[in-house]
Amino acid sequence: MNWLDYVVLITTMAGIAAYGVWRTRGRRDLNTYLKGRRDTPWLVIGLSVMATQASAITFISTPGQGYESGLGFVQNYFGAPFALILIAAVFLPIYQRLNVYTAYEFLGKRFDPKTRLLGAGLFLLQRGIGAGITIYAPAIVLSTVMGWRLDLTIVCSGFLVIAYTVAGGSEAVSLTQKYQFAVILAGMVTALCVLLTKLPAGLTFTDALTLAGGFHKLKAVDFSVNVRERYTFWSGLLGGFFLALSYFGTDQSQVQRYISGSSVRESRLGLMFNAVCKIPMQFLILFLGALLFVFYQFEQPPLFFNQAAWKQAAAKTGGEHLRSLETGFAEAFAGKREHLQNWLDARHAGNPAVEAAARAAALAAHDRSEAIRAEAKKAMATVKSSDADYVFITFILRHLPHGIIGLLISVFFAATLSSKAGELNALGSTTIVDFYRHVIKRDGDDAHYVIASKCFTIFWGLVAIAFALFANMTENLIQASNIVGSIFYGVVLGLFLVAFFLKRVGGTAVFWASVTAQILVFVLYFNLSISYLWYNIIGCVACVLFSLVLQAILGASRPSPNPVT
Amino acid sequence: MKPSEPRDATRLPDEATGVPYLRSWRGIYFVVFGSFLLWVGLLALLTRMFS
């Protein structure tokens, strides 16, 4: 990065945050602080929901996912449109009618205080961990590549988001997310356009697709029925449906974004905006990764994308092995490139037999270079974070012009800040509404609770920063956050489904059913090797079934004094 | 501070969509479902053609 890049980065980030604080100055009552002014139009809600979900992990890690494994990850989102329809039709009207601050307040009205605290507690635990990942993930990649100090990167981005979230509350979050998402969109479209111009002259778009497909990067939909396969149409539709239903329907970081709508109509349209845009957005980000793969078939990629760690290791004693791997990789790349050219020439000449033979030779050469890469990864096994997370940022720093680099780094920070702000706002709200006001101090006035909300928001921001400072990541980042979510979301969703649809189940039965189901999910996670998406279904179904069984044992429940559904 | 209370004791009426040509929410949900089918179809076609 040069001075131009830093100007773009600092101006964009600080400008948006300062604007958010300025626009929301003087907000004093708790209702406005937690829910905004209830005049948010559907497009801002839609962008806010999208920005809260799409953190920097999405934009740093997902292209790397596309580069390494192809488009299959898009199936993860197949269930989302159906989940969002169900939320718009059933969950949202109930939240709006009850005028709740948090989703867990609804559980208290439907069941009892202990169930409310359980739901809120599970959310705080899961989202508290998630908030740490959200801030750690981009920080480790950026600090490694830029040479910034990791602790300073974490602390600076953490404190910036704490500042404007605490100052302006929910309204500041929505306002800043609108502009941050505009930055994200501009940056990603720019990256895609520049990447297309960087492909070799003479390589048509169809050629690029043929190459990507030949190396299995375009297998977007897998209809096989295999529970061990991480991403299939069925795991994405079913498991993804439950994951999305729980995340968008019961996670306060999302609920808070859409209950701020001026009406049910505006909130619903905001959710439908996401239902329509979610799949194409994820596809485009993964497709960027697949195109990066094609680019790196003609431009030699680094053997190990985390070059800072690689150079450090190569300079140490024993580094000769790494340097010999680099030499072998360069030779394998040169050989593969020759076969690729033969493949394309045969394709243009319309010679299928020669094309098939050249393709087979290119694939064999690719396997040889991948074997060298695997050896390199094994040698670098002690490095935190997956090498795939450095693919996109390496491309940005080496191949994009200055100014555009600043814009793309702004994308990563904008995504970090936007999702972090939504999470902190939700963590603070849940703590104040479901714990502090409900259990500790019931008779405070608005001014007291606003100050307490700000204190709790700061507290959770500091917890996230502390977690990030001491975290140790081994899984690819985008998958790590989905795995953590899948472990908890199923049970929380089960809680809400019982609340909405099983009137005869009371608080005691659902409380103990949830605890048992959560323990079951933990046990299964550490003992089975199935796609993590299935734990959403397992947790949800277990919670519902256990609730029914326990209620049958306990006998008929007393009807709630205030029926809410 | 008052605990949150329902905005209205009775059920709120289902609101009009405000979207041209799609007056009911069911229609909007069908459009969403249709876009899902479109994208899955396109992705399946991409998979079939190039994998």
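**View 1. Surroundings of A:Phe496 in a predicted model.** Leaving aside neighbours within four places in sequence, A:Phe496 is in contact (heavy atoms within 4.5 Å) with A:Tyr95, A:Ala103, A:Tyr104, A:Phe106, A:Leu107 and A:Thr250. This is a predicted model: local features need pLDDT of at least 70, side-chain atom pairs count only at pLDDT 80 or more, and totals for chains, interfaces and linings use all residues. Residues are numbered from 1 along each chain as its sequence is written, chains are lettered from A and ligands numbered from 1 in the order in which they are written, and side-chain values use heavy atoms, with hydrogens and water left out.

**View 2. Nonpolar cores.** A nonpolar core is a set of buried Ala, Val, Leu, Ile, Met, Phe, Trp, Tyr and Cys residues joined through side-chain atoms within 4.5 Å. Buried means under 20% relative accessible area, exposed over 50%, partly exposed in between (1.4 Å probe, protein chains only). The largest core has 183 residues; A:Phe78, A:Tyr95, A:Tyr258, A:Met272, A:Phe392, A:Phe412 and A:Phe496 touch the most other members. Its largest share, 21 residues, comes from helix 12 (residues 264-298) of chain A. Helices are DSSP runs (H or I, at least four residues), numbered from the N terminus. Another core, of 12 residues, lies apart from the largest one; among its members are A:Ala314, A:Leu325, A:Ala332 and A:Ile372.

**View 3. An aromatic pair between chains.** Rings of Phe, Tyr and Trp (its six-membered ring) pair if their centres lie within 6.5 Å; planes under 30 degrees apart count as stacked, over 60 as edge-to-face and the rest as tilted. The whole structure holds 47 aromatic pairs over all chains. A:Phe82 and B:Phe36 pair edge-to-face, 4.7 Å centre to centre with 75° between the planes. A:Phe82 lies in helix 5 (residues 80-98) of chain A and B:Phe36 in helix 1 (residues 25-50) of chain B, so the pair joins two chains. A:Phe82 is partly exposed at 25% relative accessible area. B:Phe36 is buried at 6%.

View 4. A:Tyr296 and A:Phe305 pair edge-to-face: 5.5 Å centre to centre, 70° between the planes. A:Tyr296 is buried, at 2% relative accessible area. A:Phe305 is also buried, at 2%. Ring pairs link both into a cluster with A:Tyr67, A:Phe215, A:Phe293, A:Phe295, A:Trp343 and A:Phe395. A:Lys217 lies over the face of A:Phe293, 4.6 Å from the ring centre. A charge sits over a ring if NZ of Lys or CZ of Arg is within 6 Å of the ring centre and within 35 degrees of the ring normal.
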